[in-house]
Amino acid sequence: MACFLVPAGEAVATTIITKIVKSKEEKERSASDSINAAIDTQIKIPFSHKLKWLNNMLWGGSALLAFEHIWHGEVVPWFPFLTAAENPIARSEMLQEMSTVGVAMALLVSAVWVGITTASNLIEKRPQQAVKVKAHRGRNQ
Amino acid sequence: MTLLTAVLAAIITTIIWYQKDSRNEMKTGTLSLMYWGASLMWLTDAVFEYVQLQTEYFKPSPADLLNDFFLGICAVVFGLLLWLILVLLKDPKGVIKQALENIRN
């Protein structure tokens with residue numbers, strides 16, 4: 001009915017958070033030593049970039065689901081835009097669906113993003129560990 | 001069928017991104033994330049439907065199957081359209097910028 005509105009709402013929130021995080025990262029980068037900052041960005045993926053992965057999943061998923069809802073005639077181009085919002089019984093059904101299916105969708109996408117971010121953090125640590133081991137070996141020789 | 005079509009599109013675009021566009025120049029990574037997002041959302045929908053219908057969920061009528069497949073294909077094309085607009089707007093290879101400069105000169 002309108003379950004896609006929940007992940008779409010989350011997408012709006014995460015997009016705003018991404019903008020804030022990105023501006024903070026840029027400030028920190030300009031404030032810190034330029035060489036160290038350049039090395040850091042080569043090794044680590046900025047958190048704002050990782051947030052973009054979540055934004056893409058949420059916006060893309062919501063857009064395709066909105067298309068499906070238009071297909072089924074649940075979203076219309078005139079006010080109130082949702083056919084379920086026209087009568088009280090359908091409205092309560094819609095709200096119930098949003099609070100169950102919609103919330104579950106948003107949670108699943110977020111959980112998968114946490115998994116992807118954790119995996120990328122682990123992958124990022126690999127070259128750093130190799131550099132540290134090389135440096136340690138060099139010191140011992 | 002819609003879920004299956006979206007998952008297939010997500011797998012194909014992920015393979016293309018991994019093999020040809022790991023720097024995300026052509027934004028295939030973005031496209032694959034869009035399809036993965038939609039797949040996860042349709043998966044949630046499918047789980048809730050399965051809870052309601054139980055085994056009947058796996059026995060759709062041929063007409064429903066065909067309609068869902070048609071919807072899935074249309075949704076994939078809609079995703080491709082969104083991606084195309086994104087690529088043309090971002091112009092990662094500067095092709096449009098170059099073309100406009102050529103017209104101006």
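Guide: Two residues are in contact if their C-beta atoms, placed from the backbone, lie within 7 Å. This is a predicted model, in which local features need pLDDT of at least 70, side-chain atom pairs count only at pLDDT 80 or more, and totals for chains, interfaces and linings use all residues. Residues are numbered from 1 along each chain as its sequence is written, while chains are lettered from A and ligands numbered from 1 in the order in which they are written.
Visitor: What share of the contacts in chain B with a separation of 6 or more comes from residues 24 or more positions apart?
Guide: Such residues account for 74% of those contacts in chain B.
Visitor: And how many helices and strands does chain B have?
Guide: Chain B has 4 helices and 0 strands; DSSP runs define both (helices: H or I, at least four residues; strands: E, at least two), numbered from the N terminus.
Visitor: What does the C-alpha trace of chain B span along its principal axes?
Guide: The trace spans about 65 × 25 × 20 Å. Of the 105 residues in chain B, 28% are buried, that is, have 20 or more other C-beta atoms within 10 Å of their own, with C-beta atoms placed from the backbone.
Visitor: Turning to chain A, how do the axes of helices H1 and H3 cross?
Guide: The axes of H1 (residues 5–31) and H3 (residues 47–71) of chain A come within 9 Å and cross at roughly 160 degrees. Axes are lines fitted to C-alpha atoms, for helices over the stretch in contact, and angles run from 0 to 180 degrees between N-to-C directions. H1(A) and H3(A) are therefore roughly antiparallel (an angle over 145 degrees).
Visitor: Which residues make that contact?
Guide: Among them are A:Ala11 and A:Val21 of H1(A), and A:Leu51 and A:Trp59 of H3(A).

Definitions and conventions:
Angles under 35 degrees count as roughly parallel, over 145 as roughly antiparallel, 65 to 115 as roughly perpendicular and the rest as oblique. A residue is buried if 20 or more other C-beta atoms lie within 10 Å of its own, exposed if 12 or fewer, and partly exposed in between; C-beta atoms are placed from the backbone.
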